[in-house]
Number of protein chains: 2
Amino acid sequence: MSDTSLTQLPEPTLRRLPWYLAFLTTLRHSDVEYVSSTRIAAEVGVDSSQIAKDLSFLNIRGKTRIGYEVAALEQTLRAFLGFDARHNAVVVGAGSLGTALMADRGLHPYGLNIVAGFDTDPAVIGTDKAGVRVYSMDRLREIARRRDVTIGIVTVPFEFAQEVADQIMDAGINAIWNFTPRRISVRKGVVAQNTSLYSHLAVMYNRLRNVEGKNGEDGR
Amino acid sequence: MSDTSLTQLPEPTLRRLPWYLAFLTTLRHSDVEYVSSTRIAAEVGVDSSQIAKDLSFLNIRGKTRIGYEVAALEQTLRAFLGFDARHNAVVVGAGSLGTALMADRGLHPYGLNIVAGFDTDPAVIGTDKAGVRVYSMDRLREIARRRDVTIGIVTVPFEFAQEVADQIMDAGINAIWNFTPRRISVRKGVVAQNTSLYSHLAVMYNRLRNVEGKNGEDGR
């Protein structure tokens, strides 16, 4: 495979690239034409040599003294990250968080297209949540195939996370975005991404207690 | 400070602890009384020696051959992680994602209590979003003080992320939960947590392309 998009990029690089993209978009909105890695570094809080290294994965190099062309780099990054393509997804678990994700149109410009919801609750099945139709679980396979679904988003209570992940894989969906605080096991060739808001809360609470503890000690 | 909750725990440990907690809750629901670190390891996908090390930060050690007491460990973990306490938060940016977070009651059992929203849009100010009142930005400081707000959640368009973060810090709020794809700088003594859904999408899309590329090669 010579296509660079198929390179197995380090995950930290993949996580940082959207930060650079966001900053580039801001610059373009301000009609800035060129930007140095030093400037990106100062804004984004990443070492400039790291930025140059991250961007080299895309075969992009800045020009000496001029830097990177903002619009071109933004466009290349967007395409490279897959934000220009459409990725059809289903949400399994049309509860509070699931409905929130279906209602959130903010991920649409990043290529995420939620085409259906799934639930086990008869009161919810057949209704529309934020304009997205909710189906019973036994229709997952059929709809996944028909709508060319590649991503299954898991927002069920955590006790059911693995069971639902298995059903998503059985339906031929190759990527699972897990929002539950439960780890899930996936089969070979299936991609799993965990977004644990609870873990982030845990880190934040702990750091906050440290801050408050210190402020208290200082008599502030 | 002898209180272990004020120890500066490694972030990876803090991120893993909620996974153990979720599994312990599942076990308690199934009336399981004791669990070994080996069993937790198998379920959660973390090495058992790592689990023992993580739990030792809480001064918890399992008993030989019996393991950990499920209910006691669950309770200790919940309290340690701050999920039992109430942390008042505001959401700045009552758009799509902000409203979704206000509507999502799933974080409430984890101690997150969203008391108000803020926005600059006159059409939104003064309305209720998912039962949460939205105020104009100039009332941030007053409401933060009155409601004892410790967390500011940033869900504005990324161009305004830093400006809003500054306003949150000016209002005396010491933790910022940033959902924008833009990095923000915080002052000393202020805690920042980034939850970049876009970064997670980028990782998922890239891995998915690899999988699809490989499956294509195999002729599957």
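The model described here is predicted. Chain A and chain B bury about 6,800 Å² between them, and the structure holds 18 salt bridges over all chains.

**The interface of chain A and chain B**

- The contact draws on 72 residues from chain A and 72 residues from chain B.
- Of the area buried between the two chains, 63% lies on carbon and sulfur atoms.
- Across this interface there are 29 residue pairs in polar contact, counting pairs with both residues at pLDDT 80 or more.
- On the side of chain A that touches chain B, the elements giving two or more residues are helix H1 (11-29), H2, helix H4 (70-81), helix H5 (96-103), strand S8 (175-178), strand S9 (191-194) and helix H8 (197-217) of chain A.
- H8(A) supplies the largest share of that side, with 19 residues.
- Sorted by class, the side of chain A that touches chain B has 37 nonpolar, 23 polar and 12 charged residues.
- Two salt bridges are found across the interface of chain A and chain B.

**A salt bridge between the chains**

- B:Arg182 forms a salt bridge with A:Glu43, and the closest N and O atoms are 2.9 Å apart.
- The pair joins two chains because B:Arg182 lies in the loop between strand S8 (175-178) and strand S9 (191-194) of chain B, while A:Glu43 lies in helix H2 (residues 37-44) of chain A.
- B:Arg182 has a relative accessible area of 9% and is therefore buried, the limit for that class being under 20%.
- A:Glu43 has a relative accessible area of 32%, so this residue is partly exposed.

**Salt bridges within a helix**

- In chain B, B:Glu11 forms a salt bridge with B:Arg15, with the closest N and O atoms 2.6 Å apart.
- Both B:Glu11 and B:Arg15 belong to helix H1 (residues 11-29) of chain B, where they stand four residues apart, about one turn of the helix.
- B:Glu11 is partly exposed at a relative accessible area of 29%, and B:Arg15 also counts as partly exposed, at 24% relative accessibility.
- Salt bridges that share partners join A:Arg139, A:Glu142 and A:Arg146 into one network.
- A:Glu142 and A:Arg146 are both found in helix H6 (residues 140-146) of chain A, four residues apart, about one turn of the helix.
- A:Glu142 counts as partly exposed, with 37% relative accessibility.
- A:Arg146 reaches 54% relative accessibility and so counts as exposed, since that class begins over 50%.

**The sheet of chain B**

- Seven strands of chain B form an open sheet with mixed pairing, in the order S5-S6-S4-S3-S7-S8-S9.
- Its edge strands are strand S5 (128-129) and S9 of chain B, each of which pairs on one side only.
- S5(B) pairs with strand S6 (residues 132-136) of chain B in the antiparallel sense, over two bridges.
- B:Asp128 has B:Arg133, in S6(B), as its bridge partner.

Key:
Residues are numbered from 1 along each chain as its sequence is written. Chains are lettered from A and ligands numbered from 1 in the order in which they are written. This is a predicted model: local features need pLDDT of at least 70, side-chain atom pairs count only at pLDDT 80 or more; totals for chains, interfaces and linings use all residues. Side-chain values use heavy atoms; hydrogens and water are left out. A salt bridge is a side-chain nitrogen of Lys or Arg within 4 Å of a carboxyl oxygen of Asp or Glu. Buried means under 20% relative accessible area, exposed over 50%, partly exposed in between (1.4 Å probe, protein chains only). Contact means heavy atoms within 4.5 Å. Buried area is the accessible area (1.4 Å probe) that two parts lose on being put together, summed over both. A polar contact is a pair of N or O atoms within 3.5 Å; within protein, one must be able to donate a hydrogen and the other to accept it, and residues adjacent in sequence count only if both atoms are side-chain atoms. Ala, Val, Leu, Ile, Met, Phe, Trp, Tyr, Cys and Pro count as nonpolar, Asp, Glu, Lys and Arg as charged, and the others, Gly among them, as polar. Two strands pair if DSSP finds at least two bridges between them.
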